[in-house]
Structure formats: C-alpha cells, structure tokens
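Please keep the sequence and the model open side by side as you read.

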Amino acid sequence: MLELPESNVIAAQITDILKGQTIDEIEVGHSPHKFAFYKGEPEAYADLLIGKTIKRAIPRGGLIEIQTEDSMMFLGDGAYPRYYKDPKKFPKKHQFMMIFEDGTAMAISIQMYGEIGVFPLGECEEGYYLSSLFKPDPLGDKFTYEYFRKLYIPGKKMSAKSFLATEQRIPGLGNGVLQDILWEAGIDPRFLMSGASEEDFRSLYAAIRKMLKRMVEDGGRDTEKDLVGKKGGYITQLSKNSMYEPCMKCGYEIRKASYMGGTIYFCGHCQKR
C-alpha cells in the first residue's frame, strides 16, 4: 500500500521523469476491478487530462498528487503507478493508463484496493485528500512534539496501532510503516495508550521522525516498489520478510498476529505491552 515513504519517493520520480510530458491518450477501467474506486467524474477524465502537460507530483501523506497546468490526479491506497518506456511492455491488465506523446506511458494497477481521482486543479474536496493536504507533514517543521502529543485524548481507550494508524491522525502513517516505528520505540502494537507515560509518547514521536526519514532517504521500503518497478532500499525490520527471523536488537524471534483486521509483527522481548 502507498504510505508516506512511497508517496515521497514516487512523487519525486514522477516529477523527474514525467515533467513536461504531454498526455496523448488515457484508458480508464481497462481491467475491471471490484475495489478500484474512481473519484470525481470518470466521464470527464479525458477532457481534464488529454492534451495537458505534467508539471509536478507532490506527496500528500499516503497520496500522490500529479498536477498539470489546470487539473490534478491523486492516487491512494493500493493504486500503484508504473512507468513504461517500451510500448511492447505495456501491461495487459491495469485500471488506468496515461499514454504520452513520445509513446511512453504510466499505468496504474490496483493492489487489493485503491483510489484514483481526477479533478480541476484546486477543486478536489475528497475527505482523505483534504486531510492529507491540511494536516502537518510528519517530516515537516510543523509536526512538533506538542502537536503530536495533543493527538491523543487523555484517558481514551485505544491501542498504539489504533492511535497511530487510524482516523488519519497522521496522514501517510499506515499499518506498514507502523511496524518498524513501534519496534524502534519499543512499544507493542496492542499496548494501550491509556497506560503510556510521557517517556512513551516522546519515544513514539522520535521513532516516527527517525524511521519515516530513513525510509524516504533509502528509497522506500523493501516490501514495496517504486515508479520503475525497483524495490525500496530500506530493509524492514518487522514485515513478512522478517517473520520468524531474529530481532536485530535482541535476537528473539519476530512473530506475527492478527489484530484489528490486519496483521501485526512484533518482538515479544523488545516491545512493551
């Protein structure tokens, strides 16, 4: 799923590779997908995009916003873009494709579920997008400890996972990056925040800043791929790749469990529960 590291890495690649490209053709819903959600008015996508030139891409939390001179597209959740130079290698299955005047293309395929939205520039009012637009970037100066601390309502019963990765409290921080952040902070995903000390909150804040920065600098996580299909360089400590491997801090075995409708990974020795 697109989370903050991938949105930052892929947005930079789109700007670098596609800036100045003019959109010659689009294909919407080429391969039907039950969980591909098209936002805006799909019948208007062609008028909004064809003949327009890519100006830039901007990371918006876990979303990627792609701008032309007067329109924008956003990609979210499992809507992964991939750039193709050779028409012979264009994918047979995809949920959206832009073909550019030079014959190259960017195709978007949905992994599990995903959102694709196209709107006139400045007119998108989708809640997820607006939340990502107006809340502080976890890597930016406005994401202070004071701001972070106020996100938790004193006494509210919720786990560390629920606090960090639900209700868009921190756009772009989802169940994927959550695992290593909590491992770094020494807190189990199931730990109840009502029992958290001030030290726990400071550890969480420091881990968010440190781990997200490292993931972006390393080109995204090794469990995800970038715009050209390359795996990220950040080696995840807690993911499907490390399950049953020794914890890099203490040597205990990394385990997994089902929790809150998803999978969590944890070290039972290092992480406070």
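## A helix and its surroundings

Helices here are DSSP runs of H or I with at least four residues, strands are E runs of at least two, and both are numbered from the N terminus. This is a predicted model, in which local features need pLDDT of at least 70 and side-chain atom pairs count only at pLDDT 80 or more, while totals for chains, interfaces and linings use all residues. Residues are numbered from 1 along each chain as its sequence is written, and side-chain values use heavy atoms, leaving out hydrogens and water.

Helix α6 spans residues 175–185 and is mostly covered, with eight of its 11 residues buried. Buried means under 20% relative accessible area, exposed means over 50%, and partly exposed is in between (1.4 Å probe, protein chains only). Among the buried residues of α6 are L178, I181, L182 and W183. The buried residues of this helix pack against four elements, listed here:

| Element | Residues |
|---|---|
| α1 | 4–18 |
| α5 | 160–165 |
| α7 | 198–217 |
| β9 | 262–267 |

Now to a loop: is S31 buried or exposed? S31 sits between β1 (23–28) and β2 (36–40), and S31 is buried because its relative accessible area is 11%. Leaving aside residues up to four places away in sequence, S31 touches K92, K93, H94 and Q95, where contact means heavy atoms within 4.5 Å.

Y113, by comparison, lies in strand β7 (residues 105–120). Y113 is partly exposed, with a relative accessible area of 37%.
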